Amino acid sequence: MAFHSADHDESGKRLGMWLFLYTEIVLFGGLFVLYAVYLTFYPEDFIDGGRQLNRVLGLVNTIILLISSFGVAASITAVQKGQKTLGLAALTATQICGAIFLVNKYFEWGHKIHNGIYPNSDLLLDGPAGQNIFFGLYYVVTGLHAIHIIVGMSLLAVAMGFWASNRITAKRFGLLENAGLYWHLVDLVWIFIFPLFYLII
């Protein structure tokens, strides 16, 4: 009876997480729709704006997040097989990937701001209107995504703590699974951000 109750709790947590992820999809989906609308009005300005982003750094960050997703998936498999050391190592690698992503984003933003490329800067206000909108969306979307990366890293850190103290086991790992789902969503969102902003032609 106790086992069925615990299993029911895990299912409830999983359902709650999927409902939460749905709201996140709506949030980023709305921003992508807004991007598409402005793109129809200022296609040339958006293309010029995209050319000013560092595509190599964007590609590196894409690869980093794909590796981090593999780490999370490996940790889920490890917990089911009772391979605690391997699973925690995979999550540590994921945390390192997340930190590298944020450092890269910090330097990318810093370089742009240093060159006067930020919303309503004198440089953009004196230029085409579409580029000011493009970079406004760029900072909002990538900034929101970076916040989600931080939240995801925090959730994974909590899961690591629970796992290390044996509060996550092979039969009860809902927290880790939900943190992993959140991380995969954050990665998926970046898969859309990268081509929309960095590869626009």
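Me: Is Asn 120 buried or exposed?
Reply: Exposure is judged from relative accessible area, and a residue over 50% counts as exposed. In this predicted model, Asn 120 has a relative accessibility of 53%, so it is classed as exposed. Asn 120 is located in the loop between α4 and α5.

Me: What is the phi of Asn 120?
Reply: Phi of Asn 120 is near 65°, a positive value in a residue other than glycine.

Me: What follows α4?
Reply: Gly 116 comes after α4, and its phi is positive, near 80°.

Me: How should I read the span of helix α4?
Reply: One compares the distance from the first C-alpha to the last with the span expected at 1.5 Å a residue. Helix α4 covers residues 84-114, which is 31 residues, and it reaches 45 Å. That is close to the expected 45 Å.

Me: How many salt bridges does the structure hold?
Reply: A pair qualifies when a side-chain nitrogen of Lys or Arg is within 4 Å of a carboxyl oxygen of Asp or Glu. The structure holds three salt bridges.

Me: Which residue does Arg 14 meet in a salt bridge?
Reply: The side chain of Arg 14 meets that of Glu 177, with 3.1 Å from N to O. This pair links distant parts of the chain: Arg 14 belongs to helix α1 and Glu 177 to helix α7, 163 residues apart. Arg 14 has 29% relative accessibility and is therefore partly exposed.

Me: Where do Asp 48 and Arg 51 lie?
Reply: Both are in helix α2, three residues apart, which is about one turn of the helix. Asp 48 is partly exposed, with a relative accessible area of 30%, whereas Arg 51 is exposed at 58% relative accessibility.

Me: Are Lys 105 and Glu 108 buried or exposed?
Reply: The cut-off for buried is a relative accessible area under 20%. Lys 105 has 5% relative accessibility, so it counts as buried. Glu 108, at 3%, counts as buried too. The side chains of Lys 105 and Glu 108 meet in a salt bridge of 2.8 Å, N to O. Both residues lie in helix α4, three residues apart, or about one turn of the helix.

Me: How do the axes of α4 and α7 meet?
Reply: A helix pair can be described by the approach of its axes, the crossing angle and the handedness. The axes of α4 and α7 come within 13 Å and cross at roughly 30°. Their crossing is left-handed.

Me: Which residues make the contact?
Reply: From α4, the contact uses Leu 91, Thr 94, Gly 98, Phe 101, Lys 105 and Glu 108. From α7, it uses Leu 176, Trp 183, Trp 190 and Tyr 198. By class, the contact of α4 with α7 has six nonpolar, two polar and two charged residues.

Key
Residues numbered from 1 in each chain as written. Predicted model: local features only at pLDDT ≥ 70, side-chain atom pairs only at ≥ 80, totals over all residues. Heavy atoms only, no water. Helix = DSSP H or I, 4+ residues; strand = E, 2+ residues; numbered from the N terminus. Expected span 1.5 Å × (residues − 1). Buried < 20%, exposed > 50% of the residue type's maximum accessible area, 1.4 Å probe, protein only. Axes fitted to C-alpha atoms, helices over the stretch in contact; angles between N-to-C directions. Left-handed = near helix turned anticlockwise from the far one by under 90°. Contact = heavy atoms within 4.5 Å. Nonpolar A, V, L, I, M, F, W, Y, C, P; charged D, E, K, R; others polar.
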